[in-house]
Amino acid sequence: MDLETVKKYLEKGVGADGDDKNASTINGMPSRFFENFIMQGLHVDQIEKGRVLCSMKVPPRLLNAGNFLHGGATASLVDLVGSAVIYTYGVSTSGVSVEISITYLDAAYVGEEIEIEAKALRVGKTVAVVTVEFRKKKTGKIIAQGRHTKYLTAQSKM
């Protein structure tokens with residue numbers, strides 16, 4: 001692919017005059033739209049200190065060009081569900097991401113029900129580490145495994 005084609009691919013919606021044709025639509029989106037876009041349809045099946053188990057049917061909006069769950073959507077769910085498990089420790093913030101790694105092992109297709117299980121490996125004073133595993137609900141086959149490290153801001157003692 002030549003460089004101009006790559007540029008056009010990345011700048012979808014930008015006209016020849018440089019105007020972003022989607023700017024008014026995108027800028028008109030509500031605050032935290034992205035989280036709602038990713039998590040709509042997610043159901044919490046079990047929750048306890050250090051563990052959150054969710055399920056969802058893969059929606060068409062989260063598919064990639066190969067018509068299976070997009071890796072970016074998976075990464076976002078690692079971030080969001082992984083952060084939620086930190087809250088089960090009673091902290092007021094889930095911190096900021098330091099590192100996220102994901103191993104993709106299988107595909108999940110539209111309408112397929114998946115489980116997302118987050119477990120805290122450690123929630124300390126300044127660092128939290130969680131794992132997030134994605135499985136096909138019907139077979140238990142692992143789709144992806146993620147690991148998320150977050151820096152927790154120090155709580156004031158005043």
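This is a predicted model: local features need pLDDT of at least 70, side-chain atom pairs count only at pLDDT 80 or more; totals for chains, interfaces and linings use all residues.
Helix 4 covers residues 71-87 and has 17 residues. The helix reaches 25 Å from its first C-alpha to its last. That span is close to the 24 Å expected at 1.5 Å a residue. The buried residues of helix 4 are Ala73, Thr74, Ser76, Leu77, Val78, Leu80, Val81, Gly82, Ser83, Val85 and Ile86. An α-helix has 3.6 residues a turn, so residues three or four places apart point the same way.

Ser83 gives a detailed view of this helix. The residue lies in helix 4. Ser83 counts as buried because its relative accessible area is 7%, and buried means under 20%. Leaving aside residues up to four places away in sequence, Ser83 touches Val78, Ser94, His148 and Lys150.

The protein holds four helices and six strands. From the N terminus on, the elements run α-α-α-β-β-α-β-β-β-β. Of the 158 residues in the protein, buried residues make up 32%. Among contacts with a separation of 6 or more, 62% are between residues 24 or more positions apart. The accessible surface comes to about 9,900 Å². Carbon and sulfur atoms account for 55% of that surface.

Charged pairs were examined next. Side chains of opposite charge can pair when their charged atoms come close. The count comes to ten salt bridges. One of them joins Asp106 and Lys136, with the closest N and O atoms 3.9 Å apart. This pair links distant parts of the chain. Asp106 is in the loop between strand 3 and strand 4, Lys136 is in strand 5, and the two are 30 residues apart. Asp106 is partly exposed, with a relative accessible area of 28%. Lys136, at 13% relative accessibility, counts as buried.

Lys136 also forms a salt bridge with Glu112. Here the closest N and O atoms are 3.2 Å apart. This pair, too, links distant parts of the chain: Lys136 is in strand 5, and Glu112 is in the loop between strand 3 and strand 4, 24 residues away. Glu112 counts as partly exposed, at 23% relative accessibility. Elsewhere, salt bridges that share partners join Glu48, Arg51, Glu115, Glu117, Glu133 and Arg135 into one network.

Glu48 is partly exposed, with a relative accessible area of 44%. Arg51 is buried, with a relative accessible area of 18%.

Aromatic rings were considered in turn. A pair of aromatic rings is described by the distance of the centres and the angle of the planes. The count comes to one aromatic pair. Phe68 and Tyr109 form this pair, which is edge-to-face. The centres are 6.0 Å apart, and the planes stand at 75° to each other. Phe68 lies in the loop between strand 2 and helix 4, and Tyr109 lies in the loop between strand 3 and strand 4, so the pair ties together parts that are 41 residues apart in sequence. Phe68 is partly exposed, with a relative accessible area of 30%. Tyr109 counts as partly exposed as well, at 43% relative accessibility.

The surface carries a nonpolar patch formed by Met1, Val6, Tyr9 and Leu10. Together these residues have about 510 Å² of accessible area. Leu10 lies in helix 1, which covers residues 3-10. Leu10 counts as exposed because its relative accessibility is 65%, and exposed means over 50%.

At the other end of the fold, Ala154 is found in the segment after strand 6. This residue counts as exposed, at 60% relative accessibility. Ala154 and Gly95 are 59 residues apart along the chain. Their C-alpha atoms are separated by 9.5 Å.

How values were computed: Residues are numbered from 1 along each chain as its sequence is written. Side-chain values use heavy atoms; hydrogens and water are left out. Patches are made of residues with over 30% relative accessible area and no salt bridge: like charges are joined within 9 Å, nonpolar side chains (Val, Leu, Ile, Met, Phe, Trp, Tyr) within 5 Å. Accessible areas come from the Shrake-Rupley method with a 1.4 Å probe; for residues, only the protein chains shown count as cover. A salt bridge is a side-chain nitrogen of Lys or Arg within 4 Å of a carboxyl oxygen of Asp or Glu. Buried means under 20% relative accessible area, exposed over 50%, partly exposed in between (1.4 Å probe, protein chains only). The expected span of a helix is 1.5 Å times one less than its number of residues. Contact means heavy atoms within 4.5 Å. Rings of Phe, Tyr and Trp (its six-membered ring) pair if their centres lie within 6.5 Å; planes under 30 degrees apart count as stacked, over 60 as edge-to-face and the rest as tilted.
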